[in-house]
Every structure is written in structure tokens, then in C-alpha cells.
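The sequence and structure come before the details.

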Amino acid sequence: QVQLVESGGGLVQAGGSLRLSCVASGTIFSLNTMGWYRQAPGKQREWVARITPERRTYYEDSVKGRFTVSRDNAKSTVYLQMNSLKPEDTAVYYCNGVTGWTQALFSSWGQGTQVTVSS
């Protein structure tokens with residue numbers, strides 16, 4: 001069974017930065033496209049970014065130029081560097097495998113990590 005453990009969230013002022021981490025187990029990490037999702041209060045979970053096994057990266061339009069996704073296959077870890085944070089980035093952030101363009105690969109989710117951006 002896949003396990004995903006996110007960390008690195010916190011409270012930051014607008015314009016600040018955070019780096020999220022997600023450790024995955026129970027899967028051949030290096031073969032998976034991995035991604036980040038977020039869920040703001042009262043909204044559906046949405047895809048944010050993904051990185052392929054070949055390290056090609058893709059981003060949702062609102063985070064392009066501000067967020068960077070990366071991976072360390074030796075550590076089975078995917079990262080999300082978030083710069084120039086805005087209040088609208090406030091959400092619980094989750095990682096998962098990605099299939100197709102934005103669909104989550106694994107049925108189980110981690111606990112997520114809360115990101116709160118104050119204005």
C-alpha cells in the first residue's frame with residue numbers, strides 16, 4: 001500500500017517562501033510521475049504541479065513562475081518550492097502520483113500539510 005507523508009507547511013506572510021516535502025513508500029517512486037495538489041477551504045482539491053520520471057515539469061497557470069517542483073529518487077521524495085506566496089495559495093497541500101494530465105494515481109492520500117499565507 002502506498003503511503004505519502006507531506007511536511008513543510010506553515011504560516012507565512014504574503015511574498016514569503018516555503019518548501020514542502022513528500023516522502024512516498026510502497027511504490028517504485030522513480031517510475032512515477034509525482035505531483036502536488038491543494039485544497040482550499042470550501043473548495044475541491046486541485047492539481048498544482050507535476051514532475052515526470054524524466055524530470056519534465058508542468059504547472060497550473062496560477063503558480064507558474066512562482067512554484068518549482070523537484071524530486072530526489074534516492075530519497076523517494078518530491079518537493080515543492082513555493083516563492084512569492086499569495087493569500088490565495090492558502091490551502092492544505094498534498095502529494096500523489098499523477099496519471100494522465102492531472103488525475104491522482106493513488107487512491108490513498110496523506111494527511112497533507114497546511115499552508116497559510118497572511119496578507
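## Aromatic pairs

The count of aromatic pairs comes to three, where rings of Phe, Tyr and Trp (its six-membered ring) pair if their centres lie within 6.5 Å, with planes under 30 degrees apart counted as stacked, over 60 as edge-to-face and the rest as tilted. One of them joins Tyr-37 and Trp-109 edge-to-face, at 5.2 Å centre to centre and 85 degrees between the planes. Tyr-37 belongs to strand E4 (residues 34–39) and Trp-109 to the loop between strands E10 (103–104) and E11 (113–118), so the pair ties together parts 72 residues apart in sequence. Strands are DSSP runs of E, at least two residues, numbered from the N terminus.

The model is predicted: local features need pLDDT of at least 70, side-chain atom pairs count only at pLDDT 80 or more, and totals for chains, interfaces and linings use all residues. Residues are numbered from 1 along each chain as its sequence is written, and side-chain values use heavy atoms, with hydrogens and water left out.

## Burial and charges

Tyr-37 is buried at 4% relative accessible area, whereas Trp-109 is partly exposed at 28% (buried is under 20%, exposed over 50%, partly exposed in between; 1.4 Å probe, protein chains only). Tyr-37, Trp-109 and Tyr-94 make up one aromatic cluster.

The charged end of Arg-45 sits over the ring of Tyr-94, 4.6 Å from its centre (CZ of Arg or NZ of Lys within 6 Å of the ring centre and within 35 degrees of the ring normal). Arg-50 lies over the face of Tyr-58, 4.2 Å from the ring centre.

Note on methods:
Helix = DSSP H or I, 4+ residues; strand = E, 2+ residues; numbered from the N terminus.
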